[in-house]
Amino acid sequence: MSAVGGDRHRRLTVALVSVLTTVAALAIPSTASADDGVHAARVERLAEAVAQGRVLDLAVHSASMRRDVPVRVLVPADRSTPRPTLYLLNGAGGGEGNGHWFEQTDIVDFVDDKNVNVVVPMRGAYSYYTDWVNVDPVLGRNKWTTFLTKELPPVIDGELNTTGVNAIAGISMAGTSALSLAEAAPDLYTAVASYSGCAETSTDVGRLAIQAVVELRGGGDVTNIWGPIGSPAWREHDPVVNAGKLRGKSIYISSGTGLPGPHDRLTGAGIGGDTVIYADQIAVGGVIEAATHHCTRNLERRLDQLGIPATIDYEPGTHSWPYWQDQLAKSWPTLDRALNR
């Protein structure tokens, strides 16, 4: 890393920690679009051997991103009639590695008795699942809004013989994305759920959260997402600013408070007695979750102002997978009613 780059990294880190720590204290008591209207997609059945053949790995070609995108699909045990679809997004790691729904949660067992298709894109690290205005030298070409709202759904509907009724949900980075995608394609989703997502992109906290994911973790340049920080496009993608576009949908949003909760134990899942992991989950995970709690409260207030109903859940807890597994289960009645109405 150059001296300039190192200094920028340090300044960004200091700014992030400063802002998020303040929020935690308050929260506790151009490339042109390749979308030409034609989305020929190639699907390959790569595996069908898990959970009695219910987990499929597909390679779906994205014309907009000029590559095949791996998509893991969990189909219902009873496929005798068309079923609805839940698009379930991974967090900052985008499913690259073991930080994804199938590795970290009981998703396969959880949906065993539920008549729904679950679709999980598996390669979207640090992308915010949005259409970037520029190709990033590190993170590449990202046209996720186009892929998720235009290219992928016709393939899934055709392959799985779905009802055409969809919901979308995501965690952390993808909690922000799920809300933005529901606002960008209001006719595509009947329900949206955000677990521990910062529902802001145009505020200081929201921008710093994006910088932490894209630049500090991903090594990319946030100006390649929506242009220079503070430009109009950052506000155009802000879920709180555009909350009115969620009207008519079933909405579930949740966040921990950042205070230790029932899963924040030395013997807890994913910690296994490791004091370093435990300390990181309490300290770093607590601060991050306090920040998402702050953003979620702002979304709650905005929805209240607009008279848009939503199911909202706040409980003690940090930014970690056991809580997101819990929240998927808690949000299921909201999602299920919308998918099967």
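User: Where does Thr257 lie, and is Thr257 buried or exposed?
Analyst: This is a predicted model, and in it Thr257 sits in the loop between strand E8 (250-256) and H9. The cut-off for buried is under 20% relative accessible area. Thr257 has a relative accessible area of 15%, so Thr257 is buried.

User: Which backbone atom does the side chain of Thr257 reach?
Analyst: Thr257 belongs to the loop between strand E8 (250-256) and H9. From there its side chain reaches a backbone atom at 3.2 Å, namely the nitrogen of Leu259.

User: Which backbone atom does the side chain of Thr149 reach, and at what distance?
Analyst: Thr149 is part of helix H4 (residues 144-160). With a relative accessible area of 17%, Thr149 is buried. Its side chain reaches the backbone oxygen of Thr145, at 2.5 Å.

User: Leaving aside neighbours within four places in sequence, with which residues is Thr149 in contact?
Analyst: Thr149 lies in helix H4 (residues 144-160). Once neighbours within four places in sequence are left aside, the contacts of Thr149 are Leu181, Ala185, Leu188 and Tyr189.

User: How many of the residues of H5 are buried?
Analyst: Helix H5 covers residues 173-184 and has 12 residues. Its buried residues include Met173, Leu179, Leu181 and Glu183. H5 is mostly covered, and the count of buried residues among its 12 is 11.

User: What distance does H5 reach from its first C-alpha to its last?
Analyst: At 1.5 Å a residue, the expected value for the 12 residues of H5 is 16 Å. The model comes close to that, with a reach of 17 Å.

User: What is the phi of Tyr129, and where does the residue lie?
Analyst: Most residues other than glycine have a negative phi. Tyr129 lies in the loop between strand E5 (117-121) and H4, and Tyr129 is buried at a relative accessible area of 1%. Its phi is positive although the residue is not a glycine, with a value near 45°.

User: What is the phi of Ser196?
Analyst: Ser196 is placed in the loop between strand E7 (191-195) and H6. Ser196 counts as buried, at 4% relative accessibility. Ser196 is not a glycine, yet its phi is positive, at about 60°.

User: With which side chain does that of His61 make a polar contact?
Analyst: His61 is in strand E2 (residues 55-62). At 27% relative accessibility, His61 counts as partly exposed. Its side chain makes a polar contact at 2.8 Å, and the partner is the side chain of Asp68.

User: How many Å separate His61 and Leu152 in space?
Analyst: Along the sequence, His61 and Leu152 are 91 residues apart. Taken C-alpha to C-alpha, their separation in space is 8.7 Å.

User: Is Leu86 buried or exposed, and which residues does Leu86 touch?
Analyst: Leu86 is found in strand E4 (residues 85-89). Its relative accessible area is 1%, so Leu86 is buried. Residues up to four places away in sequence are not counted here; among those touched are Val118, Ala167, Ile168, Leu328, Trp332 and Leu335.

User: What distance separates the C-alpha atoms of Leu86 and Tyr189?
Analyst: Leu86 is in strand E4 (residues 85-89). Leu86 and Tyr189 are 103 residues apart along the chain. Their C-alpha atoms are separated by 9.1 Å.

User: Which residues does Asn161 touch, not counting those up to four places away in sequence?
Analyst: Asn161 is found in the loop between H4 and strand E6 (166-171). At a relative accessible area of 47%, Asn161 is partly exposed. Its C-alpha atom is separated by 9.2 Å from that of Pro84, 77 residues apart along the chain. The residues touched are Pro82, Arg83 and Ile156.

User: Which helix supplies the largest share of the lining of the largest pocket?
Analyst: The largest pocket holds about 1200 Å³ of space and is lined by 48 residues. H1, H5, H6, H9 and H10 each supply at least two residues of this lining. The largest share is 10 residues, and the helix is H9.

User: Which residues lie nearest the centre of the largest pocket?
Analyst: The lining residues divide into 26 nonpolar, 18 polar and four charged. Those nearest the centre are Ser172, Arg217, Ile288, His319 and Trp324.

Notes:
Residues are numbered from 1 along each chain as its sequence is written. This is a predicted model: local features need pLDDT of at least 70, side-chain atom pairs count only at pLDDT 80 or more; totals for chains, interfaces and linings use all residues. Side-chain values use heavy atoms; hydrogens and water are left out. Helices (H or I, at least four residues) and strands (E, at least two) are DSSP runs, numbered from the N terminus. The expected span of a helix is 1.5 Å times one less than its number of residues. Buried means under 20% relative accessible area, exposed over 50%, partly exposed in between (1.4 Å probe, protein chains only). On a 1 Å grid over the protein atoms alone, a cavity is a set of points where a 1.4 Å probe fits but cannot get out, and a pocket is an open set with protein on both sides within 12 Å along at least five of seven lines; lining residues have an atom within 4 Å of a point. Grid points are joined across faces, edges and corners, and a volume is the space filled by probe spheres set on the points. Ala, Val, Leu, Ile, Met, Phe, Trp, Tyr, Cys and Pro count as nonpolar, Asp, Glu, Lys and Arg as charged, and the others, Gly among them, as polar. A polar contact is a pair of N or O atoms within 3.5 Å; within protein, one must be able to donate a hydrogen and the other to accept it, and residues adjacent in sequence count only if both atoms are side-chain atoms. Contact means heavy atoms within 4.5 Å.
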